[in-house]
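Student: Please go through this model with me, starting with the sheet and then the helices. I would like the cut-offs stated as the terms come up.

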Amino acid sequence: MPSCVFYFCPSELSFRFDWWGQSEITFYISDADRPFFGKETAVIVMNHRNSAEHLFCFALAERLGLLRTFKAFCADYIKYVPTAGWSLFFNECIFLKRSYEKDRGLIVKQLEELQTYPGIFWLLFYCEGTRFTAERYQTSMEVARSKGLPELKHHLLPRTKGFKLCAGVGRKYIKAFYDVEYHFDNGRPEPTMMDLLKGRTHHVHAYFRRIPMEEIPEDEEACAKYCHDLYRMKDTHYEYFERHGRFPEKTYKIPRRPHPLLVFICMSVLLAVPPMKCLLDVILTGSIYMVSGIVLGGLLGLLAMWLCVEVLLPGVLGFQVQTHCHQ
């Protein structure tokens with residue numbers, strides 16, 4: 001039941017990407033990894049560069065039939081946000097207070113509870129901790145130099161405590177980690193949240209590499225080194241796309257499913273028809289003051305919606321793993 005409640009909100013966003021905007025996703029994955037793709041419980045370790053990336057994350061999970069069980073690490077305040085936050089709460093996402101000392105016990109507890117989850121799921125995980133910007137990149141590389149770590153070109157320095165904790169606790173039931181790297185078409189500006197919600201078409205390239213859980217070291221120091229090695233490899237893959245316009249693997253096209261379209265139609269009918277009938281009744285029988293009040297209220301509602309989409313929503317749904325403050 002909770003996963004059904006969660007499905008309605010992200011399916012609307014998936015509809016915007018797949019159906020309204022007619023955007024496309026090209027999947028890159030090896031033949032060896034393809035049989036496991038979308039068929040096992042896994043942690044998704046993805047680069048974190050764009051404010052609208054969660055829209056195509058939802059669309060990607062929807063195409064694989066995993067949107068209903070899609071989970072993520074989220075900042076604690078998000079669960080109080082109407083609709084979006086509530087749906088994430090019902091789907092058992094992990095809400096964090098951005099302090100590793102405070103969050104460690106909660107992470108362990110919820111990861112252990114997910115062991116009894118009925119069915120497979122994906123857990124979205126951003127090791128970089130925050131979205132890539134030029135300023136954050138400079139700060140991150142200063143930290144790398146001070147600690148004698150190799151510098152990256154297209155990513156922030158990964159923060160390894162959350163990675164080690166997730167791998168250690170999830171080792172009992174998580175089958176694999178997936179190294180996921182996305183990129184938009186070269187030569188085109190990256191989309192914003194408003195671009196995708198307005199239905200502008202974009203092409204996302206998503207590279208997947210399966211990492212069996214057995215490959216990730218159990219020793220904490222070795223696990224931290226593995227995380228840094230993983231991000232150096234991610235940097236290599238991103239650079240490859242910059243040069244060649246594609247990722248270095250076989251491509252797959254996974255068709256969109258009709259489910260988000262059906263949800264959008266049903267929700268539109270249920271939510272739009274009754275208010276429209278009431279509005280028509282007021283216009284036909286109400287006073288000029290009542291009609292003016294409704295028009296003014298509608299304009300204020302549109303303004304609030306614009307502010308939500310332009311300012312609040314990118315921050316709310318821009319999932320950021322805040323499980324650790326320092327290396």
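Predicted model: local features only at pLDDT ≥ 70, side-chain atom pairs only at ≥ 80, totals over all residues.

Tutor: Residues are numbered from 1 along each chain as its sequence is written, and side-chain values use heavy atoms, with hydrogens and water left out.

Student: Which strands stand at the edges of the sheet?
Tutor: Helices (H or I, at least four residues) and strands (E, at least two) are DSSP runs numbered from the N terminus, and two strands pair if DSSP finds at least two bridges between them. Eight strands form an open, mixed sheet in the order β4-β3-β5-β2-β6-β7-β1-β8. Two of these strands have a single partner each, so one side of each lacks a neighbour in the sheet: β4 (94-96) and β8 (251-252).

Student: Which residue of β5 is the bridge partner of V45?
Tutor: Strand β2 covers residues 42-46 and β5 covers residues 122-125. The two run parallel and are joined by four bridges. The partner of V45 in β5 is F125.

Student: Are the residues of β3 buried or exposed?
Tutor: Buried means under 20% relative accessible area, exposed over 50%, and partly exposed in between, with a 1.4 Å probe and protein chains only. F70, A72 and C74 lie on one side of β3, with K71, F73 and A75 on the other. Six of the six residues of β3 are buried.

Student: What is the handedness of the crossover from β3 to β4?
Tutor: β3 and β4 run parallel and share three bridges, with F73 opposite I94. The chain passes between these strands through helix α3 (residues 84-90). With the strands pointing away from the viewer, a clockwise path from the first strand over the helix to the second counts as right-handed. This β-α-β crossover is right-handed.

Student: At roughly what angle do the axes of α4 and α6 cross?
Tutor: Axes are lines fitted to C-alpha atoms, for helices over the stretch in contact, and angles run from 0 to 180 degrees between N-to-C directions. The axes of α4 (residues 100-113) and α6 come within 10 Å. Angles under 35 degrees count as roughly parallel, over 145 as roughly antiparallel, 65 to 115 as roughly perpendicular and the rest as oblique. α4 is therefore roughly parallel to α6, with a crossing angle of roughly 25°.

Student: Which residues are in contact with V169, leaving aside its neighbours within four places in sequence?
Tutor: V169 is found in helix α6 and is buried, with a relative accessible area of 11%. T201 is 32 residues from V169 in sequence and 40 Å away in space, C-alpha to C-alpha. The contacts of V169 beyond those neighbours are V108, L111 and E112.

Conventions:
Contact = heavy atoms within 4.5 Å.
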